[in-house]
Amino acid sequence: MNTESMYNHLRKRGISRRDFFKFCGVMGSMLGLKASGAEQIADAFMTKPRIPVIWQHFQECTCCSESFIRCSHPIVEQILLEMVSLDYDDTLQAAGGFQAEAVAEKTRKDYKGNYILMCEGAIPLGNKGYCTIAGEAAEDRLKRFAEDSKFIIAWGNCASSGCIQHAKPNPTDAQPIHKVISGKEIINVQGCPPIADVMAGVITYVLTFDKLPELDGQRRPKVFYGRRIHDTCYRRPCYDAGLFAQSFDDENAKKGYCLYYLGCKGPNTFNSCAVIKWNLGVSYPIQSGHGCIGCAEPNFWDYMPLYSHIPSTYGFGVESNADKIGAALTGIALGGVATHAVITNVRKRRLIKGSMDDDFSLNEKDTEETIQELEEKRDRLINKKKDEDSGDSEKDK
Amino acid sequence: MIQKDKNLREIYVWQLPVRVFHWVNAFVITILCITGFIIGDPPAIQHATAPSHNYWFGIVRFVHFFAAMVFIVNYLVRIYWLFAGNSFSVLRNYYPLTKKQWRGIKETLKVDVLLITKNPIYDIGHNPLAATTYGGLFIIMILQIITGAMMFSVQSNAFWAPAMQDLLIRFNGFFPIRSLHHWLMWAFVLFAIVHIYLVFYHDYIEKNGIASSMIGGWKFIAQPIAEDYEKEQALRKDVEHLEKEKHNKK
């Protein structure tokens, strides 16, 4: 088993001490740690042995990996790729075939209970043949590697909540990692893909503190998913002022008005896109003029269309939604009520004119019954009382 | 019994808290539906001022939240009155658990909804069918309050906000909760249409002053029915009294 510290490993790979501390500083501020945070990270990396990582791909598009290798800070990217000691990543590794599988198996055995399993993609439970890696079904493979892992990091919406393959009608019965594996500490790094710096931050935190960061009800790290995009969005003042772009090419869109009317899901989505931003902090979807699609929320594909806040309702026609159905039902109700009013005037004519001779109350039978029941009950109680009273008086005698 | 020379008696049916609840609720639900609809699907009210000079959407949202708080407090008072009110306004009216209530629902369907029976049916308080729909409405109101509070919690620092935000996230976040909140809004619209129509209907055919009863509290009831009612009330009181005595003895 390798006991070399991460720092030593990095030095051997040609990363200077200066760059290493820069990295620790960046990560410390990223995670919102206090001033001593960078020191803690440096300390952990210098003393703790390097933790190997097995990165598994299941039903996914590799956008999480793509995001990850585009970390904003070049040093961060370099260090992370070195640091996580990607013993196995079938997309990034040079080795292939039996060799690669042998490496993965070796890591699993040598570092039993001591490696981190990172997963991309959902697991199809419908049929084992839907997704296989090296001839092994995704479900079996995940279970095999999860059993001996220390933590499981679920990258992206696929691994966290199933993403598009989980969307109705979910033909492959795709399920997220936490639905397949139980009894392991799992962190969901949501997004499609997650922000690269968020991924880096999560890895650094886990390696430094040897535990998962504080998670919310969806197992997302609170530090990155604690606030909505809406509440951190620079277009928020336009929202409160009621200044909405009406189409993507109108004057208001040019002025940078709020995209809420065009279906921006920023108000629905917990993520830090508006704070950390993407691609070296250049921009994020709303800044680029397109509404948020809500990719860090579970089942966001089931709330289409992208460009409306009122989701379509399936089973009532392709184009219908709550408002259309509600308006239709309102129309039906108004029509029904009007019809009822007309029929009432015909059917209840005699009652309305007050010339009903054989009139009787249907409730009267009920009332009579109730009164009879109550009378019987009362009499019973009174009789009982009398009996008891006489019994008491006999005792007194 | 209802004849031109019928003998009518007035009975005090709706106590003040019930009437206040009804009208505050009606007003507030109207406001909530209108503002809610604007928030869900904002109209294109455009102007050339900079965002810093304008806040109309914020004000619409504020009105929605303020009305929601009134709605909640009003409902809490009514929940108290579900236990403290008179026999027409207590909880057991609103959920059909007795055979008698089910029979009443069936009769009301026949008489008032499908218009099969020409004879009228007389109830002093709610008829069992109406009461059951109000029971359903009470549940929808609770759902609206909870889903609304879940969404509001994100921008609130009230003591209950963290718990509600946690609940929101556990229920898969804004997407499903927003949709549910929106769908249930339509339930109020549909309810209002049918409810208002049926008040007109009953007022018209039964001539018992049902519409004004929600203002003054009094209903006009035919003499024999009123007598039966009073007899029943007196008997209930007796039985209750006897049972209490029995209980005390033990």
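This is a predicted model: local features need pLDDT of at least 70, side-chain atom pairs count only at pLDDT 80 or more; totals for chains, interfaces and linings use all residues.
The largest one holds 58 residues, and Ile116(A), Ile153(A), Trp155(A) and Val189(A) make the most contacts inside it. Helix α11 of chain A, residues 196-209, gives this core its largest share, 9 residues. Where does the core sit relative to domain 1 and domain 2 of chain A? Domain 1 (6-225) and domain 2 (229-303) both contribute residues, so the core lies between them. I also noted a second, separate core of 23 residues, with Ile133(A), Leu142(A), Ile177(A) and Ile181(A) among them.

**Strand β1(A).** Next I went to residues 53-57 of chain A, where 5 of 5 residues are buried. In a regular strand, side chains alternate between the two faces of the sheet. Which strands pair with β1(A)? Strand β2 of chain A (residues 86-89) pairs with β1(A) in the parallel sense over 3 bridges, and Asp89(A) is the bridge partner of Trp55(A) there. Strand β3 of chain A (residues 115-120) is also parallel to β1(A), over 5 bridges, with Glu120(A) as the partner of His57(A).

**Chain A against chain B.** I turned to the interface. I count 82 residues of chain A in contact with 76 residues of chain B. The two chains bury about 7,200 Å² between them, and 59% of that is on carbon and sulfur atoms. On the chain B side, Leu115(B), Lys118(B) and Phe175(B) lose the most area to chain A, together 11% of what that side buries.

**Two aspartates in loops.** Asp216(A) sits in the loop between α11 and α12 of chain A. Is Asp216(A) buried or exposed? Its relative accessible area is 9%, so I logged Asp216(A) as buried. A polar atom of the Asp216(A) side chain is 2.9 Å from the backbone nitrogen of Gln218(A). Leaving out neighbours within four places in sequence, Asp216(A) contacts Lys222(A), Tyr225(A) and, from chain B, Ile169(B).

Asp123(B) is in the loop between α3 and α4 of chain B. Asp123(B) has 19% relative accessibility, which is under the 20% cut-off, so I logged it as buried. I also checked Asp123(B) against Arg9(B): they are 114 residues apart in sequence, and their C-alpha atoms are 14 Å apart.

Most residues other than glycine have a negative phi, and most peptide bonds are trans. I searched for exceptions and wrote down these.

- Lys168(A) and Pro169(A) are joined by a cis peptide bond, with omega about 5°; Pro169(A) is in the loop between α9 and β8 of chain A.
- Met304(A) to Pro305(A) is cis too, with omega near 0°, and Pro305(A) falls in the loop between α16 and α17 of chain A.
- Asp210(A) has a positive phi, near 60°. Asp210(A) lies in the loop between α11 and α12 of chain A and is partly exposed at 32%.
- Lys207(B) has a positive phi of about 55°. Lys207(B) is in the loop between α6 and α7 of chain B, partly exposed with a relative accessible area of 32%.

Note on methods: Residues are numbered from 1 along each chain as its sequence is written. Chains are lettered from A and ligands numbered from 1 in the order in which they are written. Side-chain values use heavy atoms; hydrogens and water are left out. Buried means under 20% relative accessible area, exposed over 50%, partly exposed in between (1.4 Å probe, protein chains only). Helices (H or I, at least four residues) and strands (E, at least two) are DSSP runs, numbered from the N terminus. Two strands pair if DSSP finds at least two bridges between them. A nonpolar core is a set of buried Ala, Val, Leu, Ile, Met, Phe, Trp, Tyr and Cys residues joined through side-chain atoms within 4.5 Å. Domain bounds come from an automatic or database domain assignment. A polar contact is a pair of N or O atoms within 3.5 Å; within protein, one must be able to donate a hydrogen and the other to accept it, and residues adjacent in sequence count only if both atoms are side-chain atoms. Contact means heavy atoms within 4.5 Å. Buried area is the accessible area (1.4 Å probe) that two parts lose on being put together, summed over both.
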